[in-house]
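Please read this briefing with the sequence and the structure side by side. The points are grouped by topic, and each can be checked against the coordinates.

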Amino acid sequence: MNEGVAGLLWLVPALPLFGALLLGLAGRRLNDLWCAVIACGSVGLSAALVCLFGSAYFVDSVPQLQTLWVWFDADGVTPRIALRLDGLSLIMAVVITGVGFLIHLYSSGYMAGEEGYARYFAWLNLFVGAMLVLVLADDLLLLFLGWEGVGLCSYLLIGFWYRDAANGAAARKAMIMTMAGDLPLVIGLLLLFSHFGVTAIPALMEQATATWTDSTTLPITLALLLLAGAVGKSAQLPLQTWLPDAMAGPTPVSALIHAATMVTAGVYLIARLHPLFVLAPGVLSLIAWLGAAGLLLAAVSALVQTDIKRVLAYSTISQLGFMFMALGVGAWTAAMFHLFVHAFFKALLFLAAGVASLSLGHERDLRRMGGLRTRQAWAFWGFLAGSASLAALPYVSAGFFSKDLILAEVWQRGRGALWFAGWLGALLTAAYITRAFVIGFLGKACTRITRETDGRMHLPLAVLIVPTLAAGVFELPIGAGGARLFSDLVAPVLPAAADAGHGGWGAMLAVLAPLLGIGMTWYLLRVRPAWSAAWRTSATAGRLSAWWFHGWGFDALYERVLRRPYARLAARLSGDPLDRPFTGLGHGSYRLWHLLSSSQNGQLRRYAAAVAAGTAVLLAMVLP
Amino acid sequence: MTLAVMLIVLLLGGVVAWWSEHGDKRWPRWVALLTVLLSLLFGLTLWASDGAWRSELRLPWIPRFGISLHLGADGLSVPLILLALVLGATAIAIAWPIRERPGFFQFNLLWSLAGMVGVFCALDLFLFFVFWEVMLVPMYFLIALWGHEHRQRAGTKFFVFTQASGLLLLTAIVALAFVAGDVRGQLSFAYRDLTGTPLGPAAPWLAAGFLAAFLVKLPAVPLHTWLPDAHTQAPTAGSVLLAGVLLKTGAYGLLRFVLPLFPETTLAWAPWFMGLGALGIVYGAVLAFGQSDVKRLVAYTSVSHMGFVLLAVFAWNTVAWQGAVLQMLAHGLATGALFVIAGALQERVHSRELDAMGGLIAKVPRLAAFGMFFAVAAFGLPGLGTFIGEFLSLLGAFRANPVITAVAALGMVLSAVYATALIQRAFHGAPGPHVVRDLGRRETGVLALMAIGLLWLGLAPQPVFDLAAGPLQTLAGAGG
């Protein structure tokens, strides 16, 4: 690649960051049009640059490394501000800038007329910049900078509509729960850095694989610590409960941050640091089972949600569970491919849901939407395409290929129970999204359309439909004769996938899962609605679905064992009990003064008596 | 020579500022500002000059007891002197509208500042103690005369705490001089004579005396209880100097005196004091969350953040010490700025109660933006100086004691809890009925400079590490 162009890598994250700075400093003096132009323009330029780098990488597969400056040098700890563009970070950058640009464009329409238009775009630009730093960082400490940066933006944007205290609570919850995962992550970084004395990712991986042996205490501890960070960021068990609440933010934010990009950072982290995890096979197994558990629990919760955004939020937890499952069996490429495809279809689902709910006056309750096929065709067809891909409709959707790849990889490794969990997850996924679509988009119209949406929102939907249905061509299953472009792209970073598909039975069952899920749901909701109504009114079902509706009671548990005790502790300590000895000392000396001063009462007879008594005592002591 | 000129400028400037009050009430602030800026200029020449000791001056004072006027600034002193002067200028700018006895106010401010600069460059222990007192007494007046509703009580508490611990310090200094004098055969209060002198069994007792004074000042839990009262009741300018500079004299005292004078003792005690640091981090963060008075909240965050410094100082390695130095600078800027914000809030809402605030983004977007920036700095967002300080402190401490460090790292989560609570209660939420005005040009300028400083320390802090590297290497050598 041309030297001069290669030197422009820093512009990829710098352009959105510069946009954020400009909007943050001068935003209130700019009109809405200029804000949108700056925000979309900076991300768009960044996307164009990524395309340029991507096409070059596609040709020669040479990673680009650019060291901007040495962050600091404190006695041998020398992290650098350095960017690396290789297959893995390229995929992430394509998603971030591509989907990011479309969502910026969408936002310019969606947020029109809102108070704080400039503030919104400043934070959204800051997010894109920080996310690009996260994925392009060559240094683990710089990665952590991006990691915390995106967390901050997520917090700010969830609480964007700040007047409602509930939004603020959701934002704080997201921040604190991801921080709870970041605490072990930081300890992991401390362990890693103090052990090896370097902070660059390639050097760390090299030294770790060279000096550590499999399944010893150090790699296992480290893998667990890093996993906790990934679990927090990617909303996996047991730190998943912040994500459904994060839906308090504007819908484009949910699409970009809480579906397509930030929440996948945990998957990216594990993929990027996979040599470390390979040294701890037990932890890998844990990752796979955490993923499977998250996949199933969240899918069941999604089945009973009534808020369209919460359906999608649980769906995101569930799909991230799929990715974790893939990571856990060492199918790095499959996990990344699902991440890639998921980013498109989940963004599309959110954006379509946003168009629908905006035009119905911010109505998010599925039961009050309905009848949108003719009234809001953009949302209808967009959501339909996204649902097809999420449900993994065989052969016609991209989601099918990515999900099938994961199941095939699990199958090949002979993990029967895990495979079944994945299969069941696929079935449930098809079921809940069919339910959401049927209730929310078909049927009779309940709510009037109060706001027309415009091209700025429709164009991103139209564009996203293409990869949602067709991104599968990048990685066709073995035997389908297609090229495996995606594997080839990440091959230098991630070990290649094994070159065999499902066995005959497995392949057939995998195709069957989504069809079963869709078919069953359709049958229950459209053909035999009386059955599902009867089930819903039974007491057991009521209790069960309430339990699932509230996310299996995790929130209530955390509320009782963590949040409330901490608030109570802080309230009890707020007067600072350690100050008591000192105030006691003060009071004591005051009282002593009071006591002694009472002897100075000016009565001569008392004085004379005291002098006489004192003399007597002294004499008694002195005389033998 | 530069140091002496700097001190004289500050002390004289204070007198002139007081006297100029008779001419016009507006003169003292101009005199004070020019004085500090002039000193800052001298400070920058110190930074630019070379050599381990950038400026040194030694004049005999009481030769009979081996006491001299010995000033010297190395790479450890220079950043702290600059911090003191920058925050001094900030304090003057923030107290610009003060009307009540402005001359005496500026006199106290400048003399306290001179005391701090003196503390950071005194190389004679007796002289150090003199500056220690020069710094504290005017600060007492600032709190007790220009403070808020409970200023008398808070001032007295501050005074009693510092004087009681100062007495221990003086006793320890004199005892140290005599013990070392016995060993060396000659009485001396000179820093260089005393370091490296074997002290025998007296060392732990002497170390305890020094530690008492410095741990009160730092402050370390459970000796911190003067701080919330003093910081809350002091006028904004006083809070800025207290949190920004005064606390650092405790940390500086540990690095400059306690560790090199008593290396064996402090190495042996290190785990206890690292534990105390971790305790302070957690305790301060929990208490900060429980406060409803915005200044008190910020005050407790200081207890938490200075815990990192204590942890790092007793980690006994250069990485941790570099972290401690950076943490001191970053905390000075971040917390100083938070007190400016708290003062601005109090001035506008006429209350320090967070319950009286809320929804201020809508009313005072600029103030809210700065408030959120510095709240985020308080929880150590990477990219800001506070992160580098905390991270290196933890990294160095991890080498010394991973378990205590893991507890200390809990401070990261707890600080996110109180910082987001602060943002929620003051800036988010439904806007209240107040009609308030946004930050003016003076306040905006000051806060913007502090924000830039934090970004600089967070993204390219190398100049600070280069400055401090030499002295810290020497210190590591003293530990063996």
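Predicted model: local features only at pLDDT ≥ 70, side-chain atom pairs only at ≥ 80, totals over all residues.

**Where the chains meet**

- The contact draws 37 residues from chain A and 42 residues from chain B.
- On the side of chain A that touches chain B, helix 6 (140-158), helix 7 (165-196) and helix 25 (554-573) of chain A each supply at least two residues, and the largest share, 13 residues, comes from helix 7 of chain A.
- By class, the residues on this side of chain A comprise 24 nonpolar, 5 polar and 8 charged.

**Buried parts of chain A**

- Helix 11 (residues 251-260) of chain A is largely enclosed by the rest of the structure, because 10 of its 10 residues are buried.
- The buried residues of helix 11 of chain A, among them V253(A), L256(A) and H258(A), pack against helix 4 (87-110), helix 5 (117-136), helix 6, helix 10 (242-245), helix 15 (308-328) and helix 16 (332-359) of chain A.
- Y155(A), which is placed in helix 6 of chain A, counts as buried because it has 26 C-beta neighbours inside 10 Å, where 20 or more is the cut-off.
- Leaving aside residues up to four places away in sequence, Y155(A) touches A171(A), A174(A) and M175(A); the C-alpha atoms of Y155(A) and M175(A) are separated by 5.7 Å, although these residues lie 20 residues apart along the chain.

**Helix pairs in chain B**

- Helix 1 (residues 2-20) and helix 2 (residues 27-48) of chain B pack at an angle of about 175°, with their axes 8 Å apart, and are therefore roughly antiparallel to each other.
- Residues making this contact include V5(B), V9(B) and G13(B) of helix 1 of chain B, together with V31(B), L38(B) and F42(B) of helix 2 of chain B; by class, the contact has 13 nonpolar, 7 polar and no charged residues.
- Helix 16 (residues 385-400) and helix 17 (residues 402-426) of chain B pack at an angle of about 150°, with their axes 7 Å apart, which makes helix 16 of chain B roughly antiparallel to helix 17 of chain B.
- In this second pair, L394(B), A397(B) and F398(B) of helix 16 of chain B meet P402(B), I404(B), T405(B), A408(B) and A409(B) of helix 17 of chain B, a contact with 7 nonpolar, 1 polar and no charged residues.

**A hairpin in chain B**

- Strand 1 (residues 55-62) and strand 2 (residues 67-73) of chain B pair in the antiparallel sense over 7 bridges, and L59(B) stands opposite L69(B) in strand 2 of chain B.
- The hairpin has 4 residues between the strands, and G66(B) takes a positive phi near 70°.

**Backbone geometry to check**

- Most residues other than glycine have a negative phi, and most peptide bonds are trans.
- D75(A), in the loop between strand 1 (64-70) and strand 2 (80-85) of chain A, has a positive phi of about 50° although it is not a glycine, and counts as partly exposed with 18 C-beta neighbours inside 10 Å.
- H362(A), in the loop between helix 16 and helix 17 (377-391) of chain A, has a positive phi near 60° and is exposed, with 11 other C-beta atoms within 10 Å.
- The peptide bond from L237(A) to P238(A) is cis, with omega near 0°, and P238(A) is placed in the loop between helix 9 (217-233) and helix 10 of chain A.
- In chain B, the peptide bond from L218(B) to P219(B) is cis, with omega near -5°, and P219(B) is placed in the loop between helix 8 (203-217) and helix 9 (226-233) of chain B.

Methods: Residues numbered from 1 in each chain as written. Chains lettered and ligands numbered in written order. Contact = placed C-beta atoms within 7 Å. Nonpolar A, V, L, I, M, F, W, Y, C, P; charged D, E, K, R; others polar. Buried ≥ 20, exposed ≤ 12 C-beta atoms within 10 Å, placed from the backbone. Pairing = 2+ DSSP bridges. Axes fitted to C-alpha atoms, helices over the stretch in contact; angles between N-to-C directions. Parallel < 35°, antiparallel > 145°, perpendicular 65-115°, else oblique.
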